[in-house]
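User: I'd like to go through this model with you and ask what stands behind each label. Could you show it first?

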Amino acid sequence: MDVTIVGGGVCGLALAHELASDHHVTVLESSPGPRGDGYMIDFFGPGFFAAERMGVIEELRSRGHAFEGVRYGLPDGTQSGTIDVAPLVKAAGGRYFSILRPEVELGLLAQLPASVDLRYGARVVGVRDIGTASGVRDAGAASGVRDAGIASGVRDADTAAGAGPNRDLGREGAAVEIEGGEVLESDLVIACDGVRSPVREHVAPGHGAILPMGYRAASYLFEDPQFAGELGERMLMTDTVERVGWLYAADAARVGVMFSERVDPAITERPTADRARLQTEFAGLHPQIDQALSHAPESFYDDLVAQSVAPRWSRGRVVLAGDAAHAPSLLAGQGTSLAIAGAEALARSLRAAGPHIDVGLAEYERRWRPTVERTQRSGRLSASAFIPATPLQLRVQQVARRAIGLPGVSRLVSRQFIAA
Ligand SMILES: Cc1cc2nc3c(=O)[nH]c(=O)nc-3n(C[C@H](O)[C@H](O)[C@H](O)COP(=O)(O)OP(=O)(O)OC[C@H]3O[C@@H](n4cnc5c(N)ncnc54)[C@H](O)[C@@H]3O)c2cc1C
């Protein structure tokens, strides 16, 4: 069948990898090339096992990084504690490494079958169902997408469907409209367009918005081999209240930095990255963070920390996957892992269902939903403690950290973290 994937991020590329041997796959990605936005992720859990089955784990591991752990730093530059990563790696049976998010995309790209039609610079601005015989099945759905904001410039559903190249096939499927006017019809549209997916509103009306967790995060990478050398194999995390900075050597030449702060959880609008604001708000957390702030670029990743939830993942021949369906947020630290494992789960269910696509979509959701809901719950549970709100909370965390350093406690906590 013809499959159109909206979004060529981690989930979209993993799906294309898995579907390419059985189907004609087109991936539409709005950015002009692989996205360089970088932050270091911990890769473990279901995605690790899925990547092993997909045969891409060695490619990813070769691009990964093994940190010794985290050192905590106070505003005056002194160290207030450390945590080692070794117990976590052990609890995960060795299936754990760190990797820059863009390297996951590049690793999947390196393994992408040549038959996949991957189109960069292709922004999808509308999606709609098409029926078996009489054309548009659900014009209301198309207007739902328009309401969700995907469809600036989406044409009338009848016009767009009539313009499709496969219109005469009379098949059931879905159509996407690409910015510029091209309409692509296919048997199945898979939306892997991230946590702010406008397609989610089409599939599950009323659930298009993100669920903010009360934090905002920003990150960027910069070249500085000397600084990278000084940082060594331990990540720095500031031991501070209300806002926190992380700093690490991404490789021998590059330094990565990430910032997070508490914000009003009622706000859902994407913030605008503002270098001057970042440099002011996060100054004074730690001398090395101040050094990293002086490298802040004009444009960088900056968004709310959020989950996405949809009571249904498919509607007709449009299905959600990855963060579009079930973003757990960085608090759960498994978004990439779930995006890869979810992609594999969807591909597997479709393969087993053969021509019965609806059965495959239902089976995907039945099997995969319990895992993501567990991870999302654990993300929500850790939300209040992610960044200490008061000096007292900070003190409690420092004491707890010392306890984690004890051998028995360390083993237990590591096992719980990996299982979450
Ligand atoms: C700061 C931070 C730290 C994180 N740390 C971790 C971690 O430690 N471990 C972990 O596992 N995960 C982590 N994550 C989460 C992880 O990055 C995401 O969950 C994961 O990348 C989801 O992949 P995805 O493909 O579903 O979505 P995305 O990566 O968001 O990809 C969506 C793609 O769709 C494209 N797109 C969007 N709209 C359109 C459109 N209309 N038309 C065409 N293309 C479109 C976008 O350009 C993008 O390429 C972290 C996230 C953040 C922000």
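This is a predicted model: local features need pLDDT of at least 70, side-chain atom pairs count only at pLDDT 80 or more; totals for chains, interfaces and linings use all residues.

User: Why is helix H1 called largely enclosed by the rest of the structure?

Analyst: Residues are numbered from 1 along each chain as its sequence is written. A residue is buried if 20 or more other C-beta atoms lie within 10 Å of its own, with C-beta atoms placed from the backbone. In helix H1 (residues 10–19), 10 of the 10 residues are buried, so the helix is largely enclosed by the rest of the structure. Among them are Val10, Gly12, His17 and Glu18. Over the chain, buried residues make up 48% of the 420 residues.

User: Which residues come nearest to the ligand?

Analyst: Gly7, Gly9, Gly194, Gly322 and Gly335 come nearest, out of 34 residues around the ligand. A residue is near a molecule if its C-beta atom, placed from the backbone, lies within 6 Å of it. H13 gives the most to this shell, with 4 residues. H1 and strand E2 (24–29) are among the elements that each supply at least two residues.

User: Why are strands E8 and E10 said to stand at the edges?

Analyst: Two strands pair if DSSP finds at least two bridges between them. Here 3 strands form an open sheet in the order E8-E9-E10, with antiparallel pairing. Strand E8 (124–130) and strand E10 (183–186) each have a single partner strand, so one side of each is left without a neighbour in the sheet.

User: How do you know that E9 and E10 pair?

Analyst: Strand E9 (residues 173–178) is joined to E10 by 4 bridges, and the definition asks for at least two. These two strands therefore count as paired. Ala175, for instance, has Glu185 in E10 as its bridge partner.

User: What makes E4 and E13 a pair?

Analyst: The same test applies, with 5 bridges joining strand E4 (residues 69–73) to strand E13 (residues 234–238), which run parallel. One of the bridges links Val70 with Met235 in E13. Both strands belong to an open sheet of 7 strands in the order E5-E4-E13-E14-E15-E12-E16, whose pairing is mixed.

Conventions
A residue is buried if 20 or more other C-beta atoms lie within 10 Å of its own, exposed if 12 or fewer, and partly exposed in between; C-beta atoms are placed from the backbone.
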